[in-house]
Each structure stands twice: as C-alpha cells, then as structure tokens.
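Dear colleague,

Please find below the structure for your review. My notes on its salt bridges follow.

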Amino acid sequence: MMESTVLPRTIDICICTFRRPELAATLRSLAVLELPQAYKVGVIIADNDDEPSARDLVIAMMDELQIPVHYIHAPARNISLARNACLDASRARFVAFIDDDETATKEWLVRLVKAAEGSRADVVLGPVRAGYGEDAPVWMRHGDFHSTFPVLAGGEIRTGYTCNVLMRMDAKAICGRRFSLDRGQTGGEDTAFFDEVYRAGGRIVYAPDAWTEEVVPPNRATFRWLVRRRYRVGQTHGRLVASRKSGIGVAGQLALAGAKIAYCTVAATLTAPWATRRNRNILRGVMHMGALSGLLGADELRQYGMKQTGQGQGHAT
C-alpha cells in the first residue's frame, strides 16, 4: 500500500461526479455548512466524465462556497478511478465523501467529526434520507426503500458506503488503501473497500444524527430499478464471501442463500395483499438471488459508465 503523510486538523469533503446538474445543490449545501472548530476544510471534486463537463459549474460556484475547492478531471466512466483521484489529491487527516445528488444538512460534518473524535473510530457512517416525489408509488414512499443506513452483523458494522462517510486517513487499516478499479463500473466498490478496512482491524461506527438528503428521481422510483440494485448488492456480497471461503464453505453459503430465497418467496406470497410488505419480501429474495449468483462467480451487473447522459455516479451499496 502507498504511504502518505496527513496534515493535522484538516478535512477534505470529496465528491465524485458524472454529468449531474444536481451537483450545484450539493455544493450550495456545503456553502452553508457549520464547520468543526479549529479544522481547516476543503472540497475536492473528481469529474469522471470523458470530457471535463462539470468544470464550468464548479468554477462558477467557487466564490459562493468560500472554502478551498480543488477540481480534478478523472476520466473516464469508472467510479473507483474518481474516488481514488480524490484520495490521491488529499493530504487531510479526515476525508468525507458525499454523493453528487445529495445535500448535506447544516450540522452534517460537525456531527461526523464529533462521532470520530468521541469514538476514535476509523470510519464514521451517517444516514441518507430519501425524498420522494408525488409520482413515486405509494408503497415505495410508505416503505422508504431508498434511504441508506448501515447494516449490523453480530452487533457491529462490518462494511460501509461512500454516500455519507468520514474516514480517518492515518488509520492503519485505511492508510494507502484504494478502491478496486475492477468494481468501478459494476458498483460495490465501496462495500469491498470497507469490508477490507474492517478485516484489517478498522473500526466502523454510526452517527445517526449526521444526515444527508437525496431526492429520488423518477427513473429510480421504480420497482425495476430497486430489483436491479438489490440483485447487484447481493452479487457483491456473494463474491466477497466466496473470496474468503473454501469449496465446502461456499457450498454451505449456497444452501443458505437458497433457503433464504425460499423463505422470501413464501413470505411474499403470504403478504401479497399488502404492497409494501410484499415488495420488501420480493426484494429481499432478489438480493439473496444475487448473492447466490455472486457465490457462483457470475459477472456482476454493470451500474456505471453507460453512454446515456444524465446518469450520474450515485452510491452503489
């Protein structure tokens, strides 16, 4: 791993972007942030488009931000490449990531730093609150299928995401670590990154009051989008499990995934009259199907780097 020297009491807020006009709202939310006392804060923006399409927007907003902004053109169409460009450019002790379609609440950064300082953890995760438009299905709004929270396993957090996170860059489990380029178009690069941090002895904690907010666009407010996302999440989990287990261990995990699929199928049938509960059970089953696929070594679904415009580089956990 690469060695790096970090500067004390410094924070870089990193944003990876790909053709998203919502970046302007993200930057405006950073402009009114409450900043942690005695910390020097900067912003790093990595533009993952083939051409530097976000440069003009970033330049136009620099005066409004009133904190140092470093723009990087980090082509092309691989989210891990953009994330790594941010890490390579930073010398801050803490690095925070926020997505280019999210807005930070005013005390977001203060609360992340408070949790990091109070716990001495290597990674602090915050929640992402989804906001639905009136066109979103009623069952989706009631079930809140797009908000993001950490997952507990055995009473601890064993992986994470980059849509709302603060990392201590001089921690042994993080220093020099980078995101996998092989996962830069499938997604799951952040899941794998934090899985590695945890397995290297890193401690991950949760700051439940460090909110960011995300408006769910119409193209994501569909059952089909959720199915695709859950399946890919399962694939990532399955591949990570398979990479650490022997043939017998993988066989056991395949049997477990099959049993979970069967359970979810029955549960979805029994809850068929209630759309929110039914669809939640279906989506859980889809995730376990993805895990089975990953355990068998199937190629992961490609999430990023498509040629359609306006796609963006959202979180992929």
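Predicted model: local features only at pLDDT ≥ 70, side-chain atom pairs only at ≥ 80, totals over all residues.

R244 counts as partly exposed, at 37% relative accessibility, whereas D195 counts as buried, at 10%.

D195 also has a partner within its own helix. R199 forms a salt bridge with D195, with 3.2 Å between the closest N and O atoms. Both residues lie in helix α6 (residues 189–199), four residues apart, which is about one turn of the helix. R199 counts as partly exposed, at 47% relative accessibility.

The side chains of R77 and D50 meet in a salt bridge at 2.7 Å, N to O. R77 is in the loop between β3 (69–73) and α3 (79–89), and D50 is in the loop between β2 (40–47) and α2 (55–65); the pair therefore ties together parts that are 27 residues apart in sequence. R77 is buried, with a relative accessible area of 15%, while D50 counts as partly exposed at 31% relative accessibility. R77 and D50 also belong to a network with R19 and D49, joined by salt bridges that share partners.

With kind regards

Methods
Residues numbered from 1 in each chain as written. Heavy atoms only, no water. Salt bridge = Lys/Arg side-chain N within 4 Å of Asp/Glu carboxyl O. Helix = DSSP H or I, 4+ residues; strand = E, 2+ residues; numbered from the N terminus. Buried < 20%, exposed > 50% of the residue type's maximum accessible area, 1.4 Å probe, protein only.
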